[in-house]
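I opened this structure to look up a few local features and wrote down what I found.

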Amino acid sequence: MIIENQRDVTAAVVSEIERAADPRFREILSSAVRHLHDWVREVKLTEAELQKACAIIARLGQLSDKSHNEVVLIAGSLGVSALVCLLNNGQGGQRATTANMLGPFWRADSPRMDNGASIVRAPTRGDPIFVTAYVKDIDGSPVAGAEVDVWHSSDEGFYENQDPGQADWNLRGKFTTDAQGKISFRSIKPTGYPIPVNGPVGDLLRAQGRHNLRPAHIHFLIYKPGYKTQFSQVYSSDDPNLATDVQFGVTRALIGQYVRHDDEPAPAADVKGPWYSLEHHLVIERGEAKLPTPPITGKATGDARPLSVVLHRR
Ligand SMILES: [Fe+2]
């Protein structure tokens with residue numbers, strides 16, 4: 001159509017979208033265009049600001065490669081990933097859920113372990129932690145025979161794939177729930193870590209005076225046919241950044257009680273000094289069991305860990 005005024009632009013674009021065959025594509029794209037055009041009108045976006053916005057979006061792609069995805073990082077930093085997770089879990093956002101973002105560091109084919117085993121595969125600094133997790137369905141019944149991948153960062157904030165100093169598969173393992181829906185393992189207590197700030201995500205956080213830290217957590221991936229595959233993260237109750245997670249991932253259902261024990265005997269005889277325990281319940285829903293495409297496939301090459309830059313919250 002011939003554009004007579006600024007209003008016509010939206011009508012012209014939306015009417016072209018109507019030509020598409022896929023109804024879901026039409027729904028998503030026409031709504032996105034209407035909201036995008038309304039946003040341009042509301043803030044009266046200038047030509048210079050449009051050029052700047054295009055440069056930022058181009059940079060998101062330019063910085064993304066096999067081992068880093070700046071687009072996913074900014075989706076998390078703007079809360080979009082957390083919103084999509086909460087709308088698609090907990091019976092369509094109706095109730096609390098233990099689902100959470102997958103994160104960038106899940107590896108497929110984690111070594112299978114017996115319950116109670118340690119996932120520390122080479123000497124690794126950190127306080128011992130003994131973790132028990134119960135997998136239940138929404139009626140509270142235990143789910144037996146579910147495969148549960150676990151993985152987490154070291155107490156220096158690095159996953160093994162980022163850290164040449166850690167053994168392959170360190171702090172990762174795959175467990176199977178018993179008749180009580182239980183898995184258990186030994187590890188070291190993880191610490192929080194900064195997300196990369198060398199690109200548009202860093203600019204975004206600096207402009208707002210935000211820090212770039214994720215609170216300490218352990219990742220879980222629960223797989224059993226008949227149930228929707230659940231990604232979860234259980235956050236450390238003693239982390240100072242629970243309320244300011246840079247990826248907006250912390251919900252009430254995911255704050256785990258990481259209990260410190262100073263004077264009690266540990267479940268393993270070799271533990272001297274303080275140790276931690278964590279017990280948490282994870283609730284899965286009926287649905288499609290489908291493993292995600294692994295975001296990474298192995299350890300990074302080279303001999304250096306990534307540069308850790310920490311921004312402070314103003
Ligand atoms: Fe993580």
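This is a predicted model: local features need pLDDT of at least 70, side-chain atom pairs count only at pLDDT 80 or more; totals for chains, interfaces and linings use all residues.

**Metal site.** I looked up the donors of the iron ion first. I found Tyr159 and Tyr193, each through OH, and His217 and His219, each through NE2, at 1.9 to 2.1 Å. I then checked the geometry. The four donor atoms subtend angles of 91 to 166° around the iron ion, so the arrangement is irregular. Along the sequence I noted the spacing of the donor residues as Y-x33-Y-x23-H-x1-H. His217 has 1% relative accessibility and counts as buried because the cut-off is under 20%. His219, at 2%, is buried as well.

**Cysteines.** I searched the whole structure for disulfides and got zero. Cys54 is partly exposed at 45% relative accessible area, whereas Cys85 is buried at 11%.

**Nonpolar cores.** I asked which residues have the most contacts inside the largest core. That core has 23 residues, and the answer is Val150, Ile183, Phe185 and Phe220. Two or more of its residues come from each of strand 1 (128-137), strand 2 (147-152), strand 4 (182-188), strand 7 (217-223) and strand 11 (275-284). I followed up on Phe185. Setting aside neighbours within four places in sequence, I listed its contacts, which include Ile129, Val131, Val150, Phe175, Ile218 and Phe220.

Notes: Residues are numbered from 1 along each chain as its sequence is written. Side-chain values use heavy atoms; hydrogens and water are left out. Donors are N, O and S atoms within 2.8 Å of the metal (3.2 Å for Na, K and Ca); water is not among the atoms, so sites may look incomplete. Four donors count as tetrahedral if all angles lie between 85 and 135 degrees; four count as square planar and six as octahedral if opposite donors are over 155 degrees apart and all others between 65 and 115; anything else is irregular. Buried means under 20% relative accessible area, exposed over 50%, partly exposed in between (1.4 Å probe, protein chains only). A disulfide is a pair of cysteine sulfur atoms within 2.5 Å. A nonpolar core is a set of buried Ala, Val, Leu, Ile, Met, Phe, Trp, Tyr and Cys residues joined through side-chain atoms within 4.5 Å. Helices (H or I, at least four residues) and strands (E, at least two) are DSSP runs, numbered from the N terminus. Contact means heavy atoms within 4.5 Å.
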